[in-house]
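Subject: Handing over a structure

Hello,

Here is the structure we spoke about handing over. Please open it beside this email and follow along.

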Amino acid sequence: MRISTFSILFMVGCANKIDRFAIDNVLKKGMQEPDIQKGCALGEAMSFPLKSLTKNSPNKAMVVAETTAALCAELTAYALDKEAAVQNMTIPYEHPNRIAIITDTRINAERTHALAAQRFYNAFTYLEAEYGPLGEACPKIASKDESIFVVGIVAGTLSVLHDKASRNRVGIPMDMLNRIARSASCVSNEDWWYTPMAIQGSIWATIPGSGPQDIDPWEHLQLAAEKGAPTGVRVGWAMHNLIAENAGQTEQLILGVNGHLESLSTHAQNKEWAFLDAYGLFISEHKHDLYWINEKGHRAPSFGDWPKAEENIDASDDDLFGEDPFGEDPFGTDEPQQTDSTSQ
């Protein structure tokens, strides 16, 4: 009878062995998957089994499992239903429940942001369970575990942003961001796609005055994105565009989306970390879509397109039911309609 490696680890019950197996095999393969929905499903599926295998939690594996699980909630939170409903006034003014329906979409979005915030925060707490409180002296991090550290501090940053979007339903402290910014210097920018630098710029731009006096946070963030793009993992552009849209910095958003778009044609995706690069594109596309919805009421036709101020939208172009889009009856039912002479 064959016994799988995972079954052996289950019987042995050693957190360190489970950590290494999960990181070096299961999660490593997951990072090569460019389908972020599959990746988030992997995180959801692994979180409970990993925690149940040992008395002591396999903290490093849980950092990645909880972070990827959080993406499932994030995908839902970024569905844009609330924004589209409000911008398009899809609910008639005369409808007695118009305000209630719009409020309901907002509450639903806030709940989903709260779920994403909690999961991202769970990942960060596992990181601190492994390395101790972050923000002061750098912990000792094995080179093979630096990726876990990077994922963990990204998760911590996202947990605060999602909690803010949920109207602080989870209650994650904002001052955690300053500790994360300091701890970002504990790993190499060159080794990790300039993500640590992007994290610092994101936090300094989010909390004005929190960074060094001689550093412009937006320039710092843009430089991190530009330096990270050639690695084929464009987390830097994603964070730039996330913060730009959240802050209402339209010029920065346009610059960032255009920069991300250009990098797609000049730098191939890093196949070893395809999941993170695909996630970065998802974030940039979402923020680009939000801009379009606010301007035109619908998502961007394609990534990098921008609406023209003088553009007049022809309603007939968007009328999917005004005429047969196939040019003929695709089901072979194109027959003359019988008319009832009594109704003439």
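Below is what was found, taken one region at a time. Please keep in mind that this is a predicted model.

**Helix α13**

Start with helix α13, residues 274-296. It has 23 residues. From its first C-alpha to its last it reaches 32 Å, close to the 33 Å expected at 1.5 Å a residue. After α13 comes G297. The phi of G297 is positive, near 90°.

**Aromatic pairs**

The structure holds six aromatic pairs. Take W192 and W273. Their ring centres are 5.9 Å apart and their planes stand at 85°, so this pair is edge-to-face. The pair links distant parts of the chain, 81 residues apart. W192 sits in the loop between α8 (176-183) and α9 (195-206). W273 sits in the loop between α12 (250-266) and α13. W192 is buried, with a relative accessible area of 11%. W273 is buried as well, at 15% relative accessibility.

Another pair is Y291 with W306. Here the ring centres are 5.2 Å apart and the planes are at 80°, so this pair is edge-to-face too. Y291 belongs to helix α13, while W306 lies in the segment after α13, so the pair ties together parts that are 15 residues apart in sequence. Are the two partners buried or partly exposed? Y291 is buried, at 18% relative accessible area. W306 counts as partly exposed, at 22%. The cut-off for buried is under 20%.

There is also a cluster. Ring pairs join W192, W193 and W273.

**The nonpolar core**

Next, the largest nonpolar core. It has 73 residues. Which of them touch the most other members? They are F120, L127, F149, I153, L276 and Y279. Helix α7 (residues 146-165) gives the most to this core, with 10 residues.

Setting aside residues up to four places away in sequence, L127 touches V63, G132, L134, I148, F149, G152 and I153. F149 and I153 are, like L127, on the list of core residues that touch the most other members.

**T67 in helix α4**

T67 is found in helix α4, residues 59-77. It counts as buried, at 10% relative accessibility. What lies 2.6 Å from a polar atom of the T67 side chain? The backbone oxygen of V63 does. Leaving aside neighbours within four places in sequence, T67 is in contact with F120, A123, V151 and A155.

**Salt bridges**

How many salt bridges does a search of the whole structure find? It finds eight. Three of them are described here.

The side chains of D145 and K60 meet in one, at 3.1 Å from N to O. D145 lies in the loop between α6 (98-131) and α7, and K60 lies in helix α4, so this pair ties together parts that are 85 residues apart in sequence. D145 and K60 are both buried.

E245 and K287 form another, at 3.3 Å from N to O. It also links distant parts of the chain, 42 residues apart. E245 is in helix α11 (residues 235-246), and K287 is in helix α13. K287 is buried, with a relative accessible area of 3%.

Salt bridges that share partners also join R106, E110, R167 and R169 into one network. R106 counts as partly exposed, at 25% relative accessibility. E110 is buried, at 6% relative accessible area.

**Where to look again**

W273 lies in the loop between α12 and α13. Then turn to helix α4, which holds T67 and K60.

Best wishes

Key: Residues are numbered from 1 along each chain as its sequence is written. This is a predicted model: local features need pLDDT of at least 70, side-chain atom pairs count only at pLDDT 80 or more; totals for chains, interfaces and linings use all residues. Side-chain values use heavy atoms; hydrogens and water are left out. Helices (H or I, at least four residues) and strands (E, at least two) are DSSP runs, numbered from the N terminus. The expected span of a helix is 1.5 Å times one less than its number of residues. Rings of Phe, Tyr and Trp (its six-membered ring) pair if their centres lie within 6.5 Å; planes under 30 degrees apart count as stacked, over 60 as edge-to-face and the rest as tilted. Buried means under 20% relative accessible area, exposed over 50%, partly exposed in between (1.4 Å probe, protein chains only). A nonpolar core is a set of buried Ala, Val, Leu, Ile, Met, Phe, Trp, Tyr and Cys residues joined through side-chain atoms within 4.5 Å. Contact means heavy atoms within 4.5 Å. A polar contact is a pair of N or O atoms within 3.5 Å; within protein, one must be able to donate a hydrogen and the other to accept it, and residues adjacent in sequence count only if both atoms are side-chain atoms. A salt bridge is a side-chain nitrogen of Lys or Arg within 4 Å of a carboxyl oxygen of Asp or Glu.
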